[in-house]
Amino acid sequence: MSQISCPECAAENGLNADIEMNEIIVCQDCGVDLEIISLDPPTVDLAPIEEEDWGE
Amino acid sequence: MKKSPRIGVLYSRVRVEEKWIFAAFEQRGIDYEKLDNRKIKFDLENPTPWLQYDAILERSINYNRGLYALRILNSWGIPTVNTASVAEICGDKVSTTSILAQAGVPQPRTMVAFTPESALEAIESIGYPVVMKPVVGSWGRLLAKINDRDAAEAILEHKSILGSYHHSIFYCQEYVEKQGRDIRATVFGDEVISAMFRKSEHWLTNTARGATGEKCEITPEMEKLCLKAAHAVGGGLLAVDLLEHPKKGLLVNEINHNMEFHTVQPISGLDIAGMFVDYILKIARQRS
């Protein structure tokens, strides 16, 4: 399982094998939303903050 | 030999729904491209880069990005699911309510006003409690259940002073005592494919706010109402939210043009992601 380090709290998080580009994961330690910005090597950044017109 | 259609999927975030949709494209061996709406550009006088797509499935979380993209794509004759017109109606609660009223679809009583003073009059003519909603927004955000005049005055002042201008389009609606649940019906074209109760002890029953889903039988009344509402807004792939009014019966509360289905897919047992793909392919094949 690949590991990524949370840019917010530096906790190590495991990634599932079927992870997708731009998928959002939640840091298991601090709870921040992280976005997958590269698959090779696995890299994350803080996910965009929810905006007013977001929805379904 | 007829070529296989090429589909673009416009998205903001890869949620579980997008993962399921991508997987369904791959299972069917369909030529598709993921289009991150943060990276795309439209040269309004040159549609050529976009004409490679036989249809675009629009799955943006950002309502405005999705709407403007659909307007441009439709102006170039590129089929989309849903269309710009449907997104325009469903994404704006005043538009939705107006169109549904014109079509004779039963809804909670709704009034619209443009100043705090006239909104207060509207609220009091409906009678407390009243629900105020932003005209654009989702997931139950910024909704207010107003139980008395003190609360009404405070909310109206806050909305007019602290909010951006569109928060001063005051959308005031009768509060429906819904016994802890509403109904989310999923409409694909001319068919209601599923319905589920969304249950919560909170007056808001959005799953984004923690409500849980439970399978609901599709009654003939529900089916007829959902199809009438869906046709009124232009049809397509739609999630129709219904309230069970104790006296008036089923009312249409809102219609979502870009539905999330992470709760309904497992509850219904349907492959909704696969149905999305089959639907967009049908739209694309009509063109190619």
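**Exercise 1. Find what covers the buried residues of helix α4(B), and which residues those are.**

Step 1: Look around the helix. The cover over its buried residues includes α3 (84–90), β5 (110–113), β6 (130–133), β8 (170–174), α7 (220–233) and β13 (249–256) of chain B, where contact means heavy atoms within 4.5 Å. Helices (H or I, at least four residues) and strands (E, at least two) are DSSP runs, numbered from the N terminus.

A quick note on the model: it's predicted, so local features need pLDDT of at least 70, side-chain atom pairs count only at pLDDT 80 or more, and totals for chains, interfaces and linings use all residues. Residues are numbered from 1 along each chain as its sequence is written, chains are lettered from A and ligands numbered from 1 in written order, and side-chain values use heavy atoms, leaving out hydrogens and water.

Step 2: Now pick out the residues. In α4 (residues 93–102) of chain B, the buried ones are Lys93(B), Thr96(B), Thr97(B) and Leu100(B); buried means under 20% relative accessible area (1.4 Å probe, protein chains only).

Step 3: Look down the axis. The buried residues of α4(B) fall within an arc of 95°, so they line one face of the helix. That arc is taken from the directions from the helix axis to the C-beta atoms.

**Exercise 2. Check both ends of α4(B).**

Step 1: At the start, a side-chain oxygen of Asp92(B) comes to within 2.9 Å of the backbone nitrogen of Val94(B).

Step 2: Just past the helix, Gly104(B) has a positive phi of about 75°.

**Exercise 3. Say how confident the predictor is about the complex.**

Solution: It gives an ipTM of 0.80 and a pTM of 0.93.

Notes: Buried means under 20% relative accessible area, exposed over 50%, partly exposed in between (1.4 Å probe, protein chains only). A polar contact is a pair of N or O atoms within 3.5 Å; within protein, one must be able to donate a hydrogen and the other to accept it, and residues adjacent in sequence count only if both atoms are side-chain atoms.
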